[in-house]
Amino acid sequence: MIFQRALRRELISTAGAVFTTLFTITITVMLIKILGQAAGGKVASEDVLALIGFSALNYMPIILILTTFISVLLVVTRSYQDSEMVVWFASGLSLTRWIPTVLTCGLPVVLVIGLLSFYATPWANRSSAEFRDRFEKRADIAKVSPGKFQESASSNRVFFVEGVTGDAMRVRNVFVNTFRDGKNSIVVSKEGRIEIDAHGDKFLVLSKGRRYEGTLDENDFQLMEFESYGVLISSTMPSVMADLSSRSLSTAALLAFPDSFNQGELLWRLSLPLMCLFLMLLAIPLGFVNPRGGRSANLIIALLLFVFYSNMISLMQAAVVQNRLSIWLAWWPVHVLAITIIVLLFSWRLKMNSAHHPLRWFANIRHRSVGKRSAT
């Protein structure tokens, strides 16, 4: 019990440190990526925090899987390096006695991963798609970042504004380049405002400006000065539905519409908690190191095993999506292979520990000494 309590405390503290490190790295990468999208006018600046939260939920199952795997591996490796495993084996305890303690700490994490995989992650993907879809439906001028050229959603117009008011209804020092029917139309104006007509169409009404219109390869540009000029920026059209891909569908929807894409997504969600469970058990025999050596080799092997495991699951998911395998034939072979590797590694380590057990070594030495005295 003393060993188990100490092991439980060390597993929890190591898992906290590993999770903090992995989560910080993930959030930093997501922050840089989403801030770049906001600066480029692809997402709204006020939605940055929400999108970071959705991305964190999306990557949380993988972070937790790596946390449990690395934590168990580090604790077992440290026990070998500090010769604590010698005391463990000399006390008559087997390596398999680590399994209940590891499962006691790890099964709640497996349950959390299952909840995230089946419920929270699809909701996060769906909410993120709705945020992005809502931003795409906004007017072109509302998505313009001041001081930066921005292409419209239809890709035939380029905006540049020097300043935008807080409600995005007024702009100043506007440049608009529109290409239509082989002709370019360039409009520059000191200021403009957003107006909506009786039909719901939205216009950018510019004032005190000039308009240049003509063909690029011909010298037939026309110059017009105006006091007021309206540019259509959006019309009343049926709204585009948000992302309804398999990653955004709820688990109930995947079961209700079992096409190949939905079955592939269901296989992935089912595999995440199983992968966490088997990697935790795999880390126990994999954590063996020579006390005089380093631990870098074990970490490299563990990383390669995790990459191999996840890639094999992705391969099975792709086979289901492409209708080469059914979900009933694709979900279990990778996990059966993992169980086989776990059993073989445990058997190998138990055999090695039994052969090099300190008490057995002492008994062999004593037996040889007695044999020599009797012969004498």
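Trainee: Which residues does Thr121 contact, leaving aside its neighbours within four places in sequence?
Mentor: In this predicted model, neighbours within four places in sequence are left aside for Thr121. The residues in contact with Thr121 are then Leu57, Asn58, Pro61 and Leu116.

Trainee: Where is Thr121 placed, and is Thr121 buried or exposed?
Mentor: Thr121 sits in helix 4, which spans residues 98–136. Its relative accessible area is 11%, and the limit for buried is under 20%. Thr121 is therefore buried.

Trainee: Which backbone oxygen lies 3.5 Å from a polar atom of the Thr121 side chain?
Mentor: Leu57 is among the residues in contact with Thr121. The atom at 3.5 Å from a polar atom of the Thr121 side chain is the backbone oxygen of Leu57.

Trainee: How are helix 2 and helix 6 oriented to each other, parallel or antiparallel?
Mentor: Helix 2 covers residues 48–81 and helix 6 covers residues 260–286; their axes come within 8 Å and cross at roughly 10 degrees. Angles under 35 degrees count as roughly parallel. The two helices are therefore roughly parallel.

Trainee: How many residues of the contact of helix 2 with helix 6 are charged?
Mentor: Helix 2 contributes residues including Pro61, Ile65 and Phe69, and helix 6 contributes residues including Trp268, Met275 and Leu279. The contact residues divide into 16 nonpolar and one polar, and the number charged is none.

Trainee: How are helix 2 and helix 7 oriented, parallel or antiparallel?
Mentor: The axes of helix 2 and helix 7 (residues 296–321) come within 11 Å and cross at roughly 150 degrees. Angles over 145 count as roughly antiparallel. Helix 2 is therefore, relative to helix 7, roughly antiparallel.

Trainee: Which residues of helix 7 make the contact with helix 2?
Mentor: The crossing of helix 2 and helix 7 is right-handed. On the helix 2 side the contact is made by Ile62, Ile65, Leu66, Phe69, Leu73, Leu74 and Thr77. The contact residues divide into nine nonpolar, two polar and no charged. On the helix 7 side they are Asn298, Leu299, Ala302 and Phe306.

Trainee: Which side chain makes a polar contact with the side chain of Gln37?
Mentor: Gln37 is in helix 1 (residues 2–39) and counts as buried at 17% relative accessibility. Not counting residues up to four places away in sequence, Gln37 touches Lys42, Val43 and Arg132. The polar contact, at 3.2 Å, is with the side chain of Arg132.

Methods:
Residues numbered from 1 in each chain as written. Predicted model: local features only at pLDDT ≥ 70, side-chain atom pairs only at ≥ 80, totals over all residues. Heavy atoms only, no water. Axes fitted to C-alpha atoms, helices over the stretch in contact; angles between N-to-C directions. Helix = DSSP H or I, 4+ residues; strand = E, 2+ residues; numbered from the N terminus. Parallel < 35°, antiparallel > 145°, perpendicular 65-115°, else oblique. Contact = heavy atoms within 4.5 Å. Nonpolar A, V, L, I, M, F, W, Y, C, P; charged D, E, K, R; others polar. Buried < 20%, exposed > 50% of the residue type's maximum accessible area, 1.4 Å probe, protein only. Polar contact = N/O pair within 3.5 Å; in protein donor to acceptor, adjacent residues only side chain to side chain. Left-handed = near helix turned anticlockwise from the far one by under 90°.
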